[in-house]
Amino acid sequence: MVMAAGAVEPVRITRDHADEMLPVWDPAGETIVYRTNREPGRVPAIASVSADGSKERLVATGRQEGFGICSGSKLAWVGKSGKVVTGETSQFHEFLEFKPEPERLTREVLDGDDDHFSVKLVIDGGGGSGLFDISRDGQVALWRHSSIGGNGTVSLRLAPYPDLTGGKTSETGALLVRRENTREKDAAFMDGSLGPKGEFVITSEASGAGYDLFLYEVKAPGKRTQLTTKGREKGWHFRQPVISPDGKKIVCAMRSPIGETRQGRIYPASWDLALLEIGEQKLTALTATQLLSENSPSWSPDGTRIVFSRRDTTEAGTVEPAEPDNANLYLLKIE
Ligand SMILES: [Ca+2]
């Protein structure tokens, strides 16, 4: 594996000393929304920053109890509408649509619609979801439904996004694929990402001792194409796949099973980012850092940059001198 030709040092774009995680880039422009834990009590909230590092700010907060307004999944932009969907896990768990405003939004209610947030899906059955994505054109939604307390099934479902009106994650839309194997249920469909028009889905799934990436054509449910094999063969983890705007490439997080050492102490392997050409199954490392984890990538609308979250895996606060250990967002050019 080699570094990409022309790869350059990533540029840090957030400065807050709390953690910035799970960034998602607006298909319409230069705004990136993400999860932050900067609020008192560190309950997750929603923040945004411009790709040039300006306008870093809180966008929406919820009740400072439980798991909060941005805890159920990665955020998802609704095409170029300027609207965003968040997974909220206060009391009943729901996927909520809202539109970021110049003023910070505050959600006071535990469940249901309010002035700014409308329910698109309700997570039913006592299980979980944790995965929600919308195709780049805003037309198709993908989510996971898990029945943890029930029969141990995990499903991926799809629906036209405009059709979501507050139904249940267990029965809305159409089934793409389901796993009934309880042994693997916790690892089934760890991450999932929709193609630009919702025409295919890339997943990360348990594979051997690791995780590999797989492709499902929406028109041929049940048929699975394996895109990586080092999970099965060597215990590598391939996670968090995101598909380029042209639908031809994937950036994902990957890590080897081999730990890393600093000052005689061994730490788990850190995450790096990799680029995969879907048709050629050619994998290129975009980062190769020791003891720094790069994860949660998201593509710029023109496909020339990605934003991701980075933190020091030793929790030693070595991001910058005199700064506490914290996760930050970075941009990386992709040539
Ligand atoms: Ca930070």
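Modeller: Strands here are DSSP runs of E, at least two residues long, and they are numbered from the N terminus. The model itself is predicted.

Biologist: Okay, what's the mean pLDDT of the chain?

Modeller: The mean is 90, and 92% of the residues reach 70 or more.

Biologist: And where does pLDDT stay under 50?

Modeller: Over residues 1–6. The model has 12 contacts for that stretch beyond four places in sequence.

Biologist: Let's start with Leu 292. Which strand is it in?

Modeller: Leu 292 sits in strand E26, which covers residues 292–299.

Biologist: Why does Leu 292 count as partly exposed?

Modeller: Because it has 19 C-beta neighbours inside 10 Å, and a residue needs 20 or more to be called buried.

Biologist: Which residues is Leu 292 in contact with, leaving aside neighbours within four places in sequence?

Modeller: Ser 270, Arg 310, Asp 312 and Thr 313.

Biologist: What separates the C-alpha atoms of Leu 292 and Phe 67?

Modeller: 26 Å, and the two residues are 225 residues apart along the chain.

Biologist: Switching to sheets. What's the strand order in the open sheet of four strands?

Modeller: It runs E11-E12-E13-E15, and the pairing is antiparallel.

Biologist: Which strands stand at the edges?

Modeller: E11 (132–134) and E15 (174–179). Each has a single partner strand, so one side of each has no neighbour in the sheet. From one strand to the next, the twist averages 15 degrees.

Biologist: How many bridges pair E11 and E12?

Modeller: Three, in the antiparallel sense, with E12 spanning residues 140–146.

Biologist: And what does Phe 132 stand opposite?

Modeller: Trp 143, in E12.

Biologist: What about phi of Gln 91?

Modeller: Near 55 degrees, again a positive value in a residue other than glycine. Gln 91 lies in the loop between strand E7 (84–88) and strand E8 (93–98).

Biologist: Is Gln 91 buried or exposed?

Modeller: Exposed: Gln 91 has 12 other C-beta atoms within 10 Å, and 12 or fewer makes a residue exposed.

Biologist: How many other C-beta atoms does Lys 55 have within 10 Å?

Modeller: Lys 55 has 13, so that residue counts as partly exposed.

Methods:
Residues are numbered from 1 along each chain as its sequence is written. This is a predicted model: local features need pLDDT of at least 70, side-chain atom pairs count only at pLDDT 80 or more; totals for chains, interfaces and linings use all residues. pLDDT is the predictor's confidence in each residue, from 0 to 100. Two residues are in contact if their C-beta atoms, placed from the backbone, lie within 7 Å. Two strands pair if DSSP finds at least two bridges between them. Axes are lines fitted to C-alpha atoms, for helices over the stretch in contact, and angles run from 0 to 180 degrees between N-to-C directions.
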